[in-house]
Amino acid sequence: NFVFTGSDGRAYLGTAGHCTLAASNVSGDVGEFIYPVGSGPTVADKNGRIIGRITYAVQQGVKDIALIRLGDGISFDKAMPHWGPLTGVNTSDAFTPIELRWVGHGVGIGSVLYARSGMSLYTTNPDQVNGAGLIAPGDSGGPVVDAQGRAVGVNVAIGVGPLPQIITRLAPQLARAASQTGVTYTLAT
């Protein structure tokens, strides 16, 4: 997902809240959890190495995000894999189509490409964007950007109908996390 710099000087990694709460994206309201420094559940990389601890997680209504406080010495790349550097956060509320780009570890019948693109007809909802493109189970928590490299949000669900991709918008999620943790989170660009 995206990397954030906290006002506490620490680096944070984002993902979907339901990915850290042992829930699915359709299990309803699980709640909101704030973990003091050093007390949240640990997060490991694919080799089992601990990379940090969950500091904030929510799955409640349209809120579905988690922030992992990275440990000292954990290296990361702030650029969007395959799509390049980030340029900011998309906060558009326009009724015009935008191109969406994302990466994910989707599973399905056959192979699912790591980097994909699609579109959204509008960004009028401040909390959520619905997109059209190949989205698959396992893509939850993956970052979504627009064609200008601005962070749109986080893939959280596969919906139904002509716009099956559900993306939780980044700006309101970070504002809520800041209000609960006392740390302001800024997208690392």
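**Notebook: pockets, rings and a few loops**

Started with the largest pocket: 33 residues line it, and Asn1, Leu13, Gly14, Ile51 and His105 are the ones nearest its centre. I noted that this is a predicted model, so everything below is read off a prediction. The volume of this largest pocket comes out at about 860 Å³. Next I looked up which elements give two or more residues to its lining, and got strand 2, helix 1, strand 4 (42-44), strand 5 and strand 6 (63-70). By type, I have the lining down as 16 nonpolar, twelve polar and five charged residues.

**Confidence**

The average pLDDT for the protein is 91, and 95% of the residues score at least 70.

**Cavity**

A probe the size of a water molecule, rolled over the atoms, shows where space is left empty. Searching the whole structure turned up one cavity of 30 Å³ or more. I put the volume of the largest cavity at about 40 Å³. Its lining is made of Asn1, Phe2, Val3, Asp77, Lys78, Ala79, Met80, Leu86 and Pro143. I sorted those residues into six nonpolar, one polar and two charged.

**Aromatic pairs**

How many aromatic pairs are there? I count four. Tyr12 and Tyr185 make an edge-to-face pair, because their ring centres are 5.0 Å apart and their planes sit at 85°, over the 60 degrees needed. Tyr12 belongs to strand 2 (residues 11-15) and Tyr185 to strand 14 (residues 185-187), so this pair ties together parts 173 residues apart in sequence. Both tyrosines, Tyr12 and Tyr185, are buried. I also wrote down Phe33 and Tyr35: centres 6.5 Å apart, planes at 10°, so the pair is stacked. Phe33 is partly exposed, at a relative accessible area of 30%.

**Ile54**

I found Ile54 in strand 5 (residues 50-60). Is Ile54 buried or exposed? Its relative accessibility is 6%, so I logged Ile54 as buried, the cut-off being under 20%. Skipping neighbours within four places in sequence, I listed its contacts as Thr20, Tyr35, Gly40, Pro41, Val43, Leu67 and Ile68. Tyr35 is thus on the contact list of Ile54 and is the ring partner of Phe33. I also took the C-alpha to C-alpha distance from Ile54 to Val152, which is 22 Å for 98 residues of sequence.

**The loop between strand 6 and strand 7**

Two residues from this loop went into the notebook. Gly71 is placed in it, and so is His82, with strand 7 given as 88-89.

Gly71 is partly exposed, at 27% relative accessibility. Beyond its neighbours within four places in sequence, Gly71 is in contact with Arg10, Ile51 and Gly52. From Gly71 to Val89, 18 residues along the chain, I got 25 Å between C-alpha atoms.

His82 is exposed, with a relative accessible area of 61%. I flagged its backbone too: phi is positive, about 75°, and His82 is not a glycine. Most residues other than glycine have a negative phi, which is why I made the note.

Key. Residues are numbered from 1 along each chain as its sequence is written. This is a predicted model: local features need pLDDT of at least 70, side-chain atom pairs count only at pLDDT 80 or more; totals for chains, interfaces and linings use all residues. Side-chain values use heavy atoms; hydrogens and water are left out. pLDDT is the predictor's confidence in each residue, from 0 to 100. Rings of Phe, Tyr and Trp (its six-membered ring) pair if their centres lie within 6.5 Å; planes under 30 degrees apart count as stacked, over 60 as edge-to-face and the rest as tilted. Helices (H or I, at least four residues) and strands (E, at least two) are DSSP runs, numbered from the N terminus. Buried means under 20% relative accessible area, exposed over 50%, partly exposed in between (1.4 Å probe, protein chains only). Contact means heavy atoms within 4.5 Å. On a 1 Å grid over the protein atoms alone, a cavity is a set of points where a 1.4 Å probe fits but cannot get out, and a pocket is an open set with protein on both sides within 12 Å along at least five of seven lines; lining residues have an atom within 4 Å of a point. Grid points are joined across faces, edges and corners, and a volume is the space filled by probe spheres set on the points. Ala, Val, Leu, Ile, Met, Phe, Trp, Tyr, Cys and Pro count as nonpolar, Asp, Glu, Lys and Arg as charged, and the others, Gly among them, as polar.
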